Amino acid sequence: MPFVSVRVITHDVARLAGFYEKATGLDARWRSEQFAELVGPSCTLAIGSAETMKLFGAGAAVPESNRTAILEFRVEDVDREYERLADLAEIVQEPTTMPWGNRSLLFRDPDGNLVNYFTPSAP
């Protein structure tokens with residue numbers, strides 16, 4: 001079973017999609033005003049409006065309440081990304097080499113979701 005996407009629910013799809021366009025360099029593909037996708041080489045980040053949750057059941061997902069999941073992106077150079085993102089996002093952890101060897105940068109998107117940019121210690 002292929003893992004194909006992660007969907008983030010928000011009150012403002014345009015704002016969040018715009019943030020991720022700047023953060024990732026990917027262009028959002030708009031399916032409607034309430035749904036956009038940023039398609040990467042290995043996975044898709046989908047951004048849906050809180051209004052769409054009515055189709056799944058009220059309260060199934062609540063925007064701006066995530067405190068467990070981390071969206072992770074492999075990047076070529078964490079330190080270079082840190083310089084680029086310093087004015088765009090709330091930095092939670094400056095570039096740090098983790099005990100398992102990855103170089104990691106942790107920041108928050110406009111809805112408060114954690115995002116990790118990392119560079120593996122080995123290919």
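Trainee: How much space lies in the second largest pocket?

Mentor: Rolling a probe the size of a water molecule over the atoms shows where empty space is left. In this structure, about 210 Å³ of space lies in the second largest pocket. A pocket here is an open set of points on a 1 Å grid over the protein atoms alone where a 1.4 Å probe fits, with protein on both sides within 12 Å along at least five of seven lines, and lining residues have an atom within 4 Å of a point. This is a predicted model, in which local features need pLDDT of at least 70, side-chain atom pairs count only at pLDDT 80 or more, and totals for chains, interfaces and linings use all residues. Residues are numbered from 1 along each chain as its sequence is written, and side-chain values use heavy atoms, with hydrogens and water left out.

Trainee: Which strand gives the most to the lining of the second largest pocket?

Mentor: Strand β1 (residues 5-10) does, with four residues; strands are DSSP runs of E, at least two residues long, numbered from the N terminus.

Trainee: What is the volume of the largest pocket?

Mentor: Its volume is about 480 Å³, and among its 21 lining residues Ser-42, Cys-43, Glu-72, Phe-73 and Arg-74 lie nearest the centre. The largest share of that lining, four residues, comes from β5, which spans 70-74.

Trainee: Which residues does Phe-107 touch?

Mentor: Leaving aside residues up to four places away in sequence, the contacts of Phe-107 (heavy atoms within 4.5 Å) include Phe-19, Leu-85, Val-115 and Tyr-117.

How values were computed. Grid points are joined across faces, edges and corners, and a volume is the space filled by probe spheres set on the points.
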